[in-house]
Structure formats: C-alpha cells, structure tokens
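I opened this notebook to keep track of what I looked up, entry by entry, in a structure that was new to me.

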Amino acid sequence: MSTNLQKPLPGRLFLDHILAQLPDLPDPYSSLRAQARAQLAELGIPTTREEDWKYSDLSPLLAHDFRLGRELSTSVCAAEVEPYVWPESRGSCAVFVNGYFAPQLSNLSALPQPLLLVPLSQADASWLTAQLQTLASEDVFTTLNTAHLGDVACIRVPKGWQDGPPLQLLYLSFASEAQPILVQPRCLLFLEAHSRLTLIEDYVSLGSGIPFTNAVTEIHLADNAHLHHIILQRQGSTAFQIGKTAVRQSRDSHYRQQALQWGCQFSRHNLEITQIGSQAHTDLKGLTLLGGSQQSDTYSRLVHQVPHGSSRQLHKCIVDGSAHAVFRGRVLVCQAAQLTDAAQSNRNLLLSPKARVDTQPQLEIFADNVKCTHGATVSQLETEEIFYLQSRGIPQAQARQLLTYAFAAEVLAGIPLATLSQKLPQLNPFA
Amino acid sequence: MISENSSPILSVRDLTAEIDGTPILRGLNLEIRSGEIHAIMGPNGSGKSTFSKILAGHPDYTVTGGQVIYLGENLLEMEPEERARKGVFLAFQYPIEIPGVSNVDFLRTAYNARQQHRGLPQLDALDFDEFVREKLSIVKMDPAFLERSVNEGFSGGEKKRNEILQMAILEPILAILDETDSGLDIDALRTVANGINSLSKADNAILLITHYQRLLDYVTPDYVHVMEAGRIVTSGDKTLALELEERGYDWIRDQDPAASLTL
C-alpha cells in the first residue's frame, strides 16, 4: 500500500524536527538508537481521538520548537542544586542536568559500593542492550527516548543487598527563556534476588524557559526483591513532562510506589506494571495536586499474569483553579491469574467550581476465582468539617488547607522524607 | 453558680431562624450570666441542637429575626472563627475526624489562634506539649492520643473527652456542650462531667444541651429550660429536669397549649 495516499500522521513535523537533531554516536548502542529512529519514522503523536489519550490534548506541546537539551552541568553550581537534595539522600544523590550525568554535583559517598553506573561507557554494554526496551512498551515517546539514548542511570542492586539511605536520582532540566528544550532521562533498575532498595526519582526544573522532559524508567524485580519507589514530579509551571514507569515483578517481589505530581503545565505518567511471578505484591499510591490551568494525566496498566498475586492502588487528585486531572487505571487479571487479590480506588477532591476531573477505573478479569474491587469518588470539602475547625478559632482558609492536607495524608504516609510536606505548597497547614 | 456580682454573657431575644426555608427557631429568649450553668432539654426536633450551631455560627442556618448579644457585641455579625477567639466554644455532638493531622498540632493551632486574639504569647511545639500534658488529667486522657490523628479511630467516648480537652485548653467564656453525654457509658459520663465541673468558673458560663436528665446528676445546672418547637416553653431550677424525667416531654405539651398547637 502506498503511504503517500494517506494523510500524514499527526505530529510528524514535530517528530521530524527532533529526529533531524539526534546525534549518531559510534558506540555499542548505535544499532539500538538506529532501530528506534527507524520506528519513529512510522509513528505519529497521539491525538484525543485515540482512546488512551482522549482526555489529554498534546497540541500545546506540539506548538513549541524543542531543541535537544545541552550538557550544562558545568554552568549549574552546587548551591543551585542543594535545595533539591533531600537531607536523607545527602550522600546518595545522583544529579542529572538536561539528561546528562553531573558527577561534580552528585554525592554517592554514603553508598557502600557502586550501585549506579553512568555514563554508558561504564556499563556492561551487552547486558544493558539486552535489557533496555524489554520492559517498557514501545509507544512513540518511549521510542523517542531510546532514539536519543545517552546517560542511562543504570542501577544493579546485588543479590541480598539490604536497604541503605534512599537513592535519589535528581533530574534537573534547565531551559533558557529563549529556547524550549527536550530532555530525555532514562533509568534501568535491576534488583537481584532478595535485595531491597528505596529510590527517589525526582524531577525539578531550573531556569525560566520551557523544558519537555520525556523520561523512561524500567525496573526488574527478581525473586523476593523489595523496591520502595518514590516519584516526585515538581517541575515549574512552564514545563511539560511525559514519564513512563515500567515494572516487571518476579515471584514474591514487592513493588511499592508513591508518586506525587504537582508541577508542570502538562504532565502524563504512564505506568506499566506486570506480575510475572506468583505471590508478587504491588502497592501503588498516587497524588496529583493541581491549580491554575495545570493538566495532569495518570494512565496505569497493571497486569496480573500468574496466580496468587495481589495489588493495591490508591490514586488521589486534588484540583483547584481551572486545572484538569485525569486518572485512568486498568487492572488486567489474565486467565491464569487465579486467586488474584486486587483493589483499585481513585478519590478526587475538587476545590473550585472550574476544576475538572476525568476518572476511569477499569477492571478486566479473565480468571474465575479472584477477589477484585474498584471504585472512584469525587467530592468537595464538607461544610461541616470546615465549620468544626472554624469553631476552634482557625480561619476558613487555613481550615480548608488543613482538610486538604488530611485528604492527601493517606498517600503521603510512609514516604521517608521528613521535610516533604514543607515542599508541597498547597499542603502545609502549619507553615 | 448564681451570684449577685455576675455580669451578662449572653442575651438572646426573639431569635428566629430557618434552614432551607424551614423555620426551626420561632422566637427564642435566653439570658446567661457569668458563673451560671444552664441546661436546655427538649425532645428530638425541638431545635436545641440548631440553637447551639447558630450560636457558633454554622453557615447552613439563616437567622431571620431577633438578636444575640454576647459580651455587649452582636454575635450574629461575627465569623465562626472570630466567635471562637472571643471565647465561644461549641463541643460537637459528632466531632469531625481529620486524618493525617495530629491532635497535638491541631490543639496548638487552635490555642495559638486564641492566644493571638487575646494578645498573649503563642506557644511553640515544645512549650505547648508541656502545657497540654497538664490538661490531660482533667479528662483522664492517655498522652498517646496527642500523637494520633484528630479523632480518627477514636471511640465515641474518646471523641467527647477530646472535646472537653479542647475546652480546657481554649478556656472559653461561653461553652456550649451539644449532647456531650450521648453515647457515653457511665464511667465516661462521670469523667466528662468531672471535667466540665472543674472548668466551670465564676467568670465563665456553660450551656448544656441534652436530651436526657442523666448528665445533670453529675453537673448541677442553675437553670433548666425546656425547648419545644423552636422556643423555650418553660424554665426552672434543677428539679424541673427531674420532673421531666418522671413525666416525659408530653407533660410540657399539656402544660403549654401553644406549644402543642405548633406541632
């Protein structure tokens, strides 16, 4: 079939413009990149006509002329980075600027042995190429990330490793006012059997320009591995972010995620979790906190492939101003996945009459002996609750803030960052 | 305690109020002076809980007539938080649960709001902790409750004790206790009643809203008022409560033909 008879795919101009900028590096990963570039030539940017994107219009993203982010790590000083390093991770923080590893801004001294291998030249190339792109599905944004493969945060946690200080991956984007930039962080995390890790994946923007962060994180948990994964999306209000977290879980593994997003003008978080070993447990907690005209879309897909798996998902959205939050969560229980125990819940708090939430929890069950529940609620702050606090002398604005915090508390509980609530602007009732 | 040196705290005259167009209060009159304990009794739906919420400033009720003077000022013009800072306290029949906010942080926020209004120093977390621990004994509360989320997972009795603890901390001039005795077993009732008695002073006043007489076995009111169809239909001393217990609310309706007509 001749392609020139069809309409051009949407977003081709945008993609071609980026493709033309991608460097061709002579290293063991060049064929991986070339393959991705070839795939990209056949793909378009999704529109709201596609089911998976029907609530999120990407045309504001396509309106910008993005250039590849440059390596600027020498022009960013430690004092600029310092406020974003969590005290708990002072000696276990790897900093990336515009996707490039910045060793002089990183401090990994508290890690007893090197877990993290960047840049690419240090990693075992044959192992890494075999792993990359085997976990994340190949949609246009993941393929774009692969086509631009640079400094991969490659983490191999050895067998039996016991959790130390939380490992922070601090991804800074730095766009000048004059030039919107594309930043494409990539992380591969491999937890070997019986190991435990706490990871903080943290997105921050510096500068007043427009960054587009297109991030991909791929995670494999071997038998009985435990990961506590904290994702913080706190870029400035001009930023765009599309991120993917792809997780594959072996037998008896535990994956616990707490994902908080309160930055960006537009953000999308794609989750792809697959349980391939029995008795795996997945615990997903998410919080989307929006105001002004922000938009954020969480799209999760959790697949139970084998018996005796369990999962819990709780996603909360707090939406103020004329902001728009989307939650779409699919839990798929395959025919073989007997005795699955899955529960999914989405709860939303609207703080203004113009705030909007679209929610679509979805269960697809092909096994016949399972315990699965799901549900969604949308609410506002209760007059009775505000009145209770006012009757104790607390002003209405502070009362609202306190109750908003109370709504979010369930998602925040257990995050090992003592100063976290101070960084959540809308959520600090005792400031 | 009724005293000659008392000063007026609350004066309610011909108060009428409604919710969603339905009249609830139909000309209520009440005078409360310092040092006094008043009890308002009445059957369900007589408007006694509504009256307590209107005094505290609940936004769902609309005052349609009459006036409420508190310490010489028009109470109805004040926001709920302003009333609280000026010394009006309402112990809720159903206290609200606030997950994720520790009781001690909540109590300190409320305390400091009141201190600020009075021009008194605010307490930091450390000093407040010391201050609040002294108050715990008034309601025999376990210090562990301070670190728990406000009212979350508290039993009915624990919630009511927490209300009286707040009263002890905020030192109100007018404390309104809405059905504080409901749902309490006899031990919890004694504890709560002892707390109320110890907080009753010559310069404050307490208004008890109750359906039953049994709280009044432990907290002796100076005045007992009976509400019926949005008005106080009869007032007396503590013996009125005993008589009501004996004869039931129908006895009041028989005494006051006007009240039964409005039903």
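**Entry 1: the area between the chains.** Before reading the figure I noted that buried area is the accessible area, taken with a 1.4 Å probe, that two parts lose on being put together, summed over both. I also noted that this is a predicted model, and that the area buried between chain B and chain A comes to about 2100 Å², with carbon and sulfur atoms giving 68% of it. Looking up who takes part, I found 31 residues from chain B and 20 residues from chain A in the contact.

**Entry 2: pairs across the interface.** I asked how many salt bridges the rule finds across the interface of chain B and chain A. The count is two salt bridges, and I looked up the one in which the side chains of Glu163(B) and Arg392(A) meet, at 2.7 Å from N to O. Across the interface of chain B and chain A there are also ten residue pairs in polar contact, both residues being at pLDDT 80 or more. On the side of chain B that touches chain A, the elements that give two or more residues are helix 1 (48-56), helix 2 (80-85), strand 6 (88-91), strand 7 (98-102), helix 3 (103-118) and helix 6 (156-170) of chain B. Helix 3 of chain B gives the largest share of that side, five residues, and the residues of the side of chain B that touches chain A divide into 18 nonpolar, six polar and seven charged.

**Entry 3: chain A as a whole.** I counted nine helices and 21 strands in chain A. The radius of gyration of chain A is 21 Å, close to the 22 Å that the globule rule gives for 431 residues, so chain A is as compact as a globular protein of that length. Along the principal axes, the C-alpha atoms of chain A fill a box of roughly 70 × 55 × 55 Å, and 58% of the 431 residues of chain A count as buried. When I took the contacts in chain A between residues at least 6 apart in sequence, 85% of them joined residues at least 24 apart.

**Entry 4: a covered helix in chain A.** How many of the residues of helix 6 (residues 140-147) of chain A are buried? I found that eight of its eight residues are buried, among them Phe141(A) and Leu144(A). The cover over the buried residues of helix 6 of chain A includes helix 1 (12-19), helix 2 (30-40), strand 8 (186-191), strand 10 (211-221) and strand 12 of chain A.

Thr245(A) counts as buried, since its relative accessibility is 1%, and beyond its neighbours within four places in sequence its contacts include Thr217(A), His229(A), Tyr255(A) and His269(A).

Entry 5: The secondary structure of chain B comes to ten helices and twelve strands, and 54% of its 263 residues count as buried. The C-alpha trace of chain B spans about 60 × 40 × 40 Å along its principal axes.

I looked up Asn204(B), which lies in the loop between helix 7 (186-199) and strand 10 (205-210) of chain B. Is Asn204(B) buried or exposed? Asn204(B) is buried, with a relative accessible area of 9%. A polar atom of its side chain lies 2.9 Å from the backbone oxygen of Leu199(B), and the side chain of Asn204(B) also reaches the backbone nitrogen of Lys201(B) at 2.8 Å.

**Entry 6: salt bridges within the chains.** Over all chains the count comes to 32 salt bridges. In one of them Arg312(A) pairs with Asp341(A), with the closest N and O atoms 3.0 Å apart. Arg312(A) lies in strand 17 (residues 310-319) of chain A and Asp341(A) in strand 19 (residues 341-350) of chain A, so the pair ties together parts that are 29 residues apart in sequence. In chain B, the side chains of Glu171(B) and Arg118(B) meet in a salt bridge at 4.0 Å, N to O.

Conventions: Residues numbered from 1 in each chain as written. Chains lettered and ligands numbered in written order. Heavy atoms only, no water. Contact = heavy atoms within 4.5 Å. Polar contact = N/O pair within 3.5 Å; in protein donor to acceptor, adjacent residues only side chain to side chain. Helix = DSSP H or I, 4+ residues; strand = E, 2+ residues; numbered from the N terminus. Nonpolar A, V, L, I, M, F, W, Y, C, P; charged D, E, K, R; others polar. Rg over C-alpha atoms; globule rule 2.2 N^0.38 Å. Buried < 20%, exposed > 50% of the residue type's maximum accessible area, 1.4 Å probe, protein only.
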